[in-house]
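Trainee: I would like a close look at one spot in the backbone of this model. Please start there, then tell me about other spots that deserve attention.

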Amino acid sequence: MRIRFDNAVLYDGTGDKPGIVSVVIAGDSIEAICSGPDKPAADLIIDLEGKALCPGFIDTHSHSDLVILETPILDAKIRQGITTEILGQDGIAMAPLPAEHIAQWRKNLAGLAGTSDSISWDYRDTKGYLDLLEKSGSAQNLCYLVPHGNLRMEVLGLDQRPATDEELDAMRRVTQRELNNGAHGISTGLIYPPCTYADFRELVAICQVAADNSVPLVIHQRSEADAIIESMSEVLEIARVTGVHIHFSHFKICGTYNDAKLPGVIDLLDRASEEGLRVTFDQYPYTAGSTMLSAILPPWAHAGGTAQLLNRLADRECRKRMLDDIRTTPSSWDNFVAFAGVDGISITNVQTAQNTQFIGKSLLEIGEERGTDPVEAALDLILEEENGVSMVDFYGLEKHVRRFMLRPEMNLCTDGLMHGTPHPRTYGAFPRFLGKYARDEQLMPLEKAIRKMTLQAAESFNIAKRGKVAEGWFADLVVFDPAAISDLATYTNPCQHPAGIELVMINGTIAYTAEPYKTLLSGHNQDMQCGKVLRLNS
């Protein structure tokens, strides 16, 4: 079926100023863009009456890896205009997954991705996982990154030790194998086990493979807080040595007391640009983050995997050492309790019914209810939930959020966890950027904001023919009302869809409509599983 959008104010993703056009869709692609009176015939004509038409939004940091297999239609993402998601983040994700590590790894993933007994866990590698995604179908297009923690686990298990020369060679081979399977890059999370145990040598080894394949290293760096300058310096040195494209995940400065580090962070970005290093980053538009609650623990506590972590939490002497480390500042690791405080960390998800009453409550409140120290209460929760507990942490300053948004390296993401009572970014990040920051605060023109949500993201991740409205490109499109677009999700009521998104098209198929187009399209079939698994170089 050929569809024509008339009277569209086109923001084409390039950052250029918009113009009024007609756009014709045939099959999964954009057939024509025209501005004169002569328009190609169409089976369905939709008059947008001056509403905005732009490329579908690309979420470059997504944690939908597991839930997408059970719930292929993620309304939280579709209804904020996201048409492509990049999975495999933070160095700990679904594949590769050797059979002997499945039980342990499922527990390690639970705080980020949730858990499931209904899917098959025997897919083994990236190809098997992507095949599983294709079989289950999805509403969005999906890309995948090779997680450093998974490939490290395959080669040397979950031990806290440096890799030998032979193991580094094996990690290079596994990395190349997984890139050959269609991944769009490599990810690591240097606060998460087992990635945190990697030394500079190991990171250089896998990054050389990434550079040789012209794909990015997507990195949650060792520190986003007290040691952020040293952490960024390490990452940029990896770029110098290997030539790899560095993409910092969810870029920020944690801890309001670290405000004085902002000039040094900006200077490092400027110097990297002057040197010709390729550096980009993504960002969610909030001053709170979200991750697994066990991230509050010192790295040594995780050595050997979740089973060993739980044993240590149950051991009086080990627990005392954890508490001492958490309470000692400044820290040599990113200490969430130090930079967010027990009143700034709240529970978003648990695995068991016995602790659901704590969802939405801060560690301070949980400690008061349990009649114990708030940090002790947090450790008890991690133990009781076998590491399957997530949190929101209020980390920083709004002025930093705005400053990083204006950087040329920046594109938008959600970093949204998809289970429990999530961070509001899961439902509202992209409309918030357009409504609050571009329109209301006039931080940047709308066309520049849209570029950061579309083409800039596609270029960073080698996503072909997406992120721009151009003839011959895939028809991933969003129709929205610039005057109405806004996020409605809050920290206390996060599962609220935004206002102003009126139509979403993925691969030429209409995946979501609101009024007034819902009535117009009531007689036409809509395919809610129109997404594709995008394999690089396939």
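Where does P96 lie, between which strand and which helix?

Mentor: P96 sits in the loop between strand β7 (82-87) and helix α3 (102-113). Strands (E, at least two residues) and helices (H or I, at least four) are DSSP runs, numbered from the N terminus. Before going on, note that this is a predicted model, in which local features need pLDDT of at least 70, side-chain atom pairs count only at pLDDT 80 or more, and totals for chains, interfaces and linings use all residues. Residues are numbered from 1 along each chain as its sequence is written, and side-chain values use heavy atoms, without hydrogens or water.

The peptide bond from A95 to P96 is cis. Its omega is near 0 degrees. Next, go to T329. A cis peptide bond joins T329 to P330, with omega about 0 degrees. P330 is also in a loop, this one between α11 (316-327) and α12 (336-340).

Stay with the backbone, but turn to phi. E49 is not a glycine, yet its phi is positive, about 55 degrees. Find E49 in the loop between β4 (44-47) and β5 (52-55). E49 is exposed, at a relative accessible area of 63%. E386 is a residue other than glycine with a positive phi, near 50 degrees. Look for E386 in the loop between α14 (374-384) and β16 (390-394). E386 is partly exposed, with a relative accessible area of 40%. Exposed means over 50%, buried under 20%, and partly exposed in between (1.4 Å probe, protein chains only).

Six strands form an open sheet with parallel pairing. Read across, the order is β9-β10-β11-β12-β13-β17. β9 (146-147) and β17 (410-412) stand at the edges, and each has a single partner strand, so one side of each has no neighbour in the sheet. Two strands count as paired if DSSP finds at least two bridges between them. Strands of a sheet pair through backbone hydrogen bonds, either parallel or antiparallel.

β10 covers residues 186-189, and β11 covers residues 217-220. The two pair in the parallel sense over 4 bridges.
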